[in-house]
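Here is a briefing on the spaces inside one protein model and on the ligand that goes with it. Keep the sequence and the structure in view as you read.

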Amino acid sequence: MGLFKEFVVGGKTLSNRIVMAPMTRSRADFQGNVSSLALEYYSQRATAGLLITEAIGISPQAHGYPFTPGIWTKTQVDGWRAVTDAVHARGGLICAQLWHVGRVFASANNPLGLAPVGPAAVAAEGQIFTKGGPVPLPVPRALSTQEVRSTAADYGTAASRAFDAGFDFVELHGANGYLIEQFLSDEANIRADEFGGSANNRLNFLRAVLDEVESAAGGLSQVGVRLSPYGDFNGINHSNHADLFDRVLGLLAARKPGYLHLIEPSVSGDGSRRTAKGDQAPDVLKIAHAAFSGPIIACADYDRARADATLKNGCADLIAFGRPFISNPDLVERMRDGIPAAPWDRSTFYTRGEKGYTDYPTLASAPHHV
Ligand code: PHB
């Protein structure tokens, strides 16, 4: 029954070990204001021990996908305040995922029509969705050293705004090939200043972000960090995954954020871990647990049985579930009572409006429920 035991993170008590994973749902408006439906969506799921929001742009420059939310204007903050109030009214806890897309950007998706920036003028392989159809990922303009510092400061400002909006935690999106991971990468980051070059220098952007957020938040106990070791989403490449992961874990072990959230390499048919390229990947939870003594959230297509086994082996404290939460607002109660989860409809993951967003029934509300 490990999933249903309380757990304390940064002084806040999660009522169970079930976390809703961050998921883009594309219901915000083009200016990055969260939909009024979002408060219903999140509060419907408030029995999760912790809700992590969809990725939220920290600044206009950070914002590269249409209909994703931001947290840089007062109107955006007010929208989020309504969400956190609704979640708290239902006894839940909610974390804002702070996002800068860097080079994974399309000007057509940006409310100000800005041009892309990144650690260096190196494009990622792949395409990005726009209203006009998919377009190749652009070659970004390399940020100046001063701009790198001000971008780190934007994370601090966004964290302050998130706490003003009533969030319990913020999570730094250091995964999936977005800006923080771009700085970590020896392929994306070929800078010659203190933010690039050596492996140690490539950690300096993450260090600067942690510094800024720490001073904005008065500490790091309410601040999580999400990573995707061995991943290659959004065309990110690292020549030495093992060395980079060790170094990032060393940094986090020293800085002690409130939690570490890991997207694990996926499990293949034979039960081993594989990178997207099909190479064998190590057990990243085990490596993280040995290096980092704080709470760890594991995220990797978990079902109930694997979640229990992972909590039992002690390498993670919390388990994040993604798509099952889309189609099961009462996922926690279903897992507790051994009731199968309802299937999700992929065709409405990123559409507009309530269909596939706030209209999935709970067992209690389903018309056929007896
Ligand atoms: C997306 O919007 O497609 C998206 C956002 C954040 C992620 C992954 C995907 O980490």
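**Cavity, pocket and ligand**

The count of cavities of 30 Å³ or more comes to one. The model is predicted. There is also a largest pocket, and the ligand takes up its space. The points below start with the cavity, go on to the pocket, and end with the ligand.

**The largest cavity**

- The largest cavity holds about 130 Å³ of space.
- Its lining includes Gly174, Glu181 and Leu184. Leu227, Ser228, Pro229 and Tyr230 are also among the lining residues.
- The largest share comes from α7, with four residues.
- Sorted by class, the cavity lining has seven nonpolar, four polar and one charged residues.

**The largest pocket**

- About 1,500 Å³ of space lies in the largest pocket.
- The pocket lining is made of 50 residues. Nearest the pocket centre are Pro22, Asn176, Arg226, Phe233 and Tyr350.
- Several strands each supply at least two lining residues: β4 (50-57), β5 (94-99), β7 (127-128) and β16 (318-321). The helix α10 (323-327) also supplies at least two.
- The largest share of the pocket lining comes from α10, with three residues.
- By class, the pocket lining has 28 nonpolar, 13 polar and nine charged residues.

**The ligand and its shell**

- Which residues are around the ligand? They are Thr24, Tyr65, Trp99, His173, Asn176, Tyr178 and Phe233.

**Polar contacts and cover**

- Thr24 has a side-chain N or O atom 2.6 Å from an oxygen atom of the ligand.
- Asn176 also has a side-chain N or O atom 2.6 Å from an oxygen atom of the ligand.
- For His173, a polar side-chain atom lies 2.7 Å from a ligand oxygen atom.
- On its own, the ligand has 280 Å² of accessible area, and the protein covers 79% of that area.

Terms used
Residues are numbered from 1 along each chain as its sequence is written. This is a predicted model: local features need pLDDT of at least 70, side-chain atom pairs count only at pLDDT 80 or more; totals for chains, interfaces and linings use all residues. Side-chain values use heavy atoms; hydrogens and water are left out. A residue is near a molecule or strand if one of its heavy atoms lies within 4 Å of it. A polar contact is a pair of N or O atoms within 3.5 Å; within protein, one must be able to donate a hydrogen and the other to accept it, and residues adjacent in sequence count only if both atoms are side-chain atoms. Accessible areas come from the Shrake-Rupley method with a 1.4 Å probe; for residues, only the protein chains shown count as cover. On a 1 Å grid over the protein atoms alone, a cavity is a set of points where a 1.4 Å probe fits but cannot get out, and a pocket is an open set with protein on both sides within 12 Å along at least five of seven lines; lining residues have an atom within 4 Å of a point. A molecule sits in a cavity or pocket if more than half of its atoms lie within 2 Å of its grid points. Grid points are joined across faces, edges and corners, and a volume is the space filled by probe spheres set on the points. Ala, Val, Leu, Ile, Met, Phe, Trp, Tyr, Cys and Pro count as nonpolar, Asp, Glu, Lys and Arg as charged, and the others, Gly among them, as polar.
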